[in-house]
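This report looks at aromatic contacts in a predicted model.

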Amino acid sequence: MAKYGVKVGQRGVDVGRAADFQLALSTDWPLLKVHKTGRINAPAFTPQLIVENDLGRLVPFMIFTDGSDSITQPDGSSSRALSTAFFLNEKGLYAHDNFNSINGYYIIFDYDLDQEFISEVDKSVVQPSSNEAEYGVKIPLKGKSMESRDMRDYILHPGMRPMAIHMAGQRTTTAAAPFFDLEHNLGYPPAYLVFEKKQGSPFVANTGNQPYLQVFANRVTAETSNSLRFSGVQALMIGTFYFLLLKDPLIAEDS
Amino acid sequence: MKTGLKVALPGQEVDTEDSKKLAFNIDKQPLATRLGRFPSHFSKKTYKFVSNPATPGTPGQTVVYPLFEIEHNLGYIPASALFTFLSENAGGANIIDDESFYSGNFGLNVSSAQSQNIGYYVTDKKLVIYFSIRNMDDLGPFTYNNMTGVELDFKYYLFVPPGLDS
């Protein structure tokens, strides 16, 4: 059967020979699309709703909290880093109870984690051309100029590499097998996001007995070029986990 | 009339608002990494810290050693992710947050500590990866010295867009 679709290469890459992770866009896989972003201002000792989840399902998210530690930032500059002190259920995104007030920024993505997905793999890699001419496809945000040099103003730009989803789904581990393996067949270890699915309301009274997601960080992955193993460090890793494997390689040198 | 661009996944109808069926939708900005101008991978670098002879620490003190500083000079704080390749991980990459527990051996001699951590933060100009020793008040005074060898691989991402606008 003939194959139809759209591919857009990154700057300097022959789109006909590009590897998956060298494409800015392809109809063969979804991108990790931003649904909603905003500020977080959560006072200390008050677990609370940050923002309602208007998608009504468990979706990926990332939280970046403001750095205010005079030890790590002696020059007083503001900063942000990924945080795991939050969770999301079908009703909203919540902050855990915390000793300190938390300020930061959230990103909620629009992707259905319940849907198993794996794309086909193209392992060819093309050396990008050194031609600096501006060819390619640019799509600015609504109201923004095509001439803008600020990458934040674009939906698609040949100088950006969107997070293309290679594989997604969920796995459940047990005491007998407290780990899960993912055969991705990419030929290189990819970047990933993993979320632990829990049930109940251990921190916030008004969330009810609902499933919720937490970012799952600081855990071991053992890897080969074609598989990843997720397991615990200090305790058995038992439960249900959602994963997103991205096309982006963790070993490739960037330009 | 609404104009724009949607690209459907194989076998899906493009005339839909269901994001699951679309590879691309002009109404949804994808998470993207910025390319060019700086590398995003560091491999096997050894850092030597001199804190010898033994340095006294006060109860409750957190001692921080910066490991890497990478300038990006974007002028705003981008979203980020940091993967650390630790020897304890059997070759795997570990995604870490603002302060992740670390059970490996930095060669550090510390008399007492609540935890050893690898953390990072991103400002509008740079990304900083650091190692810290956290000592709780009830552990009393402590000493630390001889942090002499660190070999770590890092892979970091700065996502642009979006920026983490205030």
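## Charges over rings

R152(A) is placed over the face of Y76(B), 3.4 Å from the ring centre.

A second case involves R229(A) and F179(A). Here the charged end of the arginine sits over the ring, at 3.8 Å from its centre.

## A tilted pair

Over all chains, the predicted structure holds 12 aromatic pairs. One of them is F61(A) with F195(A): the ring centres are 5.5 Å apart and the planes meet at 40 degrees, so the pair is tilted. A stacked pair would need planes under 30 degrees apart, and an edge-to-face pair over 60.

F61(A) belongs to strand β5 (residues 61-67) of chain A, and F195(A) to strand β16 (residues 190-199) of chain A. The pair therefore ties together parts that are 134 residues apart in sequence. Both F61(A) and F195(A) are buried.

## A stacked pair

F180(A) and F230(A) are stacked. Their centres lie 5.1 Å apart, with 20 degrees between the planes. F180(A) is in strand β15 (residues 179-183) of chain A and F230(A) is in strand β19 (residues 227-231) of chain A, so this pair links parts 50 residues apart in sequence.

F180(A) has a relative accessible area of 4%, and F230(A) has one of 2%.

## The cluster

F180(A) and F230(A) also belong to one aromatic cluster. Its other members from chain A are Y192(A), F241(A) and F243(A). Chain B supplies F83(B), Y157(B) and F159(B).

Key. Residues are numbered from 1 along each chain as its sequence is written. Chains are lettered from A and ligands numbered from 1 in the order in which they are written. This is a predicted model: local features need pLDDT of at least 70, side-chain atom pairs count only at pLDDT 80 or more; totals for chains, interfaces and linings use all residues. Side-chain values use heavy atoms; hydrogens and water are left out. Rings of Phe, Tyr and Trp (its six-membered ring) pair if their centres lie within 6.5 Å; planes under 30 degrees apart count as stacked, over 60 as edge-to-face and the rest as tilted. Helices (H or I, at least four residues) and strands (E, at least two) are DSSP runs, numbered from the N terminus. Buried means under 20% relative accessible area, exposed over 50%, partly exposed in between (1.4 Å probe, protein chains only). A charge sits over a ring if NZ of Lys or CZ of Arg is within 6 Å of the ring centre and within 35 degrees of the ring normal.
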